[in-house]
Amino acid sequence: MGTPDLAPASVILLLLSTQLSLLLPGASAGTYWGDVEVLKRLKNALDPSSVSPGSCVASWDFAAAADPCDALFSDKFTCGFRCDAIDGSGASRLTELALDQAGYSGPLASVSWDLPYLQTLDLSGNYFAGPIPASLSNLTQLSRLGLSRNSLSGPIPDSVSSLSSLGELYLDGNALEGSIPSSLGNLTNLTRLEVQSNKLSGELPAALSSLGSLLYLDASDNAISGELPRALPPSLVQLTMRNNALEGQLAPETFQLASSLQVLDLSGNRIAGPVPSALFTHPSLQQLTLSSNGFDSIQSPASLFPESELIAVDLSDNRIMGLLPAFLAGMPRLSALALENNEFSGMIPTEYALRAAAQPAQGAARLERLMLGGNYLMGPIPGPLLGLGQGGGGGEEEEVRVSLAGNCLYRCPARFFFCQGGDQRSAAECKSFFGPVIP
């Protein structure tokens, strides 16, 4: 027996359903019509001359009958996005839009960005210009926004702060101006914020301290001014703000609260005053770079052998005066110490020499890099350093880097590799620094 005939009412309903599925956008399987429109507008917004053969967007063929999601990875839509069926309608939705770094150019503001299921938008490494569009706020489920290394200009819009699911924000390598919006403090899920290499100014917002999940913050190579906020996110692991216009002094409590910090780079700013002792007793800090500032002294911790996780310390190119701090030679994990181009005086402590000459105290690391050039250190070269060998023959000087050039040391001949790179200061220059009588 064949299939029983359908009742007339059922036939009518089936016909209507079929016709509606053909007429209503997104009612049939395939890519949701609104997502297709965004892809079309994005392609149309590009300068045609920037769409090179073989690039992802060059393959997007909307004139063909192929559906973008169904034809993904074919010769019609080779790459550039990802689709998932997630809203129960049977239609595929864009969940990732990540273009290749093919040199695309054009504005982003002409695209509506109405992609409510998009989780990743990555347009990095191209030549997109103009402002960051406010319509990015339509990307309500976005967790990663990558606009690095383009030609975007104007301010960081407050609309970015409405992306409550955002975990990673990459805006580095553009020409963005203005200040970092305080509203970014609303992005409580943010773990990584990169805004380096722009033209940003103003102060670092204190509101960022509320970012309880933030691990990495890089705002280097801008014109950010003012003092470093007294409070930093307690979750912060790395803070990099080199080559800005930060000023004032570092508050010890800033780093006591940021108890997870491992990397701190504030080089190339205008920070003055003392280097706080809290940085040398921090429970997790491993790399400290404060070079090229205006520091004038170092606050010593209470102990000559502080409990410190520091592996590398760079305080070069400041105005630090006084004797070389003895406690630095007592930090057990320290393997790189740069104090070049300051105004340190006195003799080189034997403890420094022993750490560099592979004779540290039990359990301490060797000082593989000891840069003391460009100061006013005086007296003889410590005996343990003399045993490192002479330059030109390989061996120890390849395992350890020591620089003593440009000081007031008594006899530092160039045959020792650590005396190379510049003569000692003249007697007149040393006398001028120390006064009428050179100690």
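## Aromatic contacts and a parallel sheet

At 13% relative accessibility, Tyr376 counts as buried, a term that stands for under 20% relative accessible area, with exposed meaning over 50% and partly exposed the range in between (1.4 Å probe, protein chains only). The model is a predicted one, in which local features need pLDDT of at least 70 and side-chain atom pairs count only at pLDDT 80 or more, while totals for chains, interfaces and linings use all residues. Residues are numbered from 1 along each chain as its sequence is written, and side-chain values use heavy atoms, with hydrogens and water left out.

### Aromatic pairs

Rings of Phe, Tyr and Trp (its six-membered ring) are taken as a pair if their centres lie within 6.5 Å, and planes under 30 degrees apart count as stacked, over 60 as edge-to-face and the rest as tilted. By this rule the count comes to 9 aromatic pairs. Trp60 and Phe81 form an edge-to-face pair, because their ring centres are 5.7 Å apart and their planes stand at 70 degrees. This pair links distant parts of the chain, 21 residues apart, with Trp60 in the loop between α2 (33-45) and β2 (81-84) and Phe81 in strand β2; here helices (H or I, at least four residues) and strands (E, at least two) are DSSP runs, numbered from the N terminus. Both Trp60 and Phe81 are buried.

The rings of Tyr376 and Phe433, in turn, have centres 3.8 Å apart and planes at 5 degrees, so this pair is stacked. Tyr376 belongs to strand β26 (residues 376-379) and Phe433 to helix α7 (residues 427-434), and the pair thus links distant parts of the chain, 57 residues apart. Phe433 is partly exposed, with a relative accessible area of 27%. Ring pairs also link Trp60, Phe62, Phe77 and Phe81 into a cluster.

### Charges over rings

A charge sits over a ring if NZ of Lys or CZ of Arg is within 6 Å of the ring centre and within 35 degrees of the ring normal.

| Charged residue | Ring | Distance from ring centre |
|---|---|---|
| Arg93 | Tyr32 | 3.9 Å |
| Arg425 | Tyr376 | 4.0 Å |

### The sheet

An open sheet of 5 strands has the order β4-β6-β8-β10-β12, with parallel pairing, where two strands pair if DSSP finds at least two bridges between them. The edges are held by β4 (105-107) and β12 (199-200), each with a single partner strand, so one side of each is left without a neighbour in the sheet. Strand β8 (residues 151-154) runs parallel to strand β10 (residues 175-178) and is joined to β10 by 2 bridges: Ser153 has Ala175 as its bridge partner, and Gly154 has Leu176. β10 also pairs with β12 in the parallel sense over 2 bridges, and Gly178 stands opposite Leu200 in β12.
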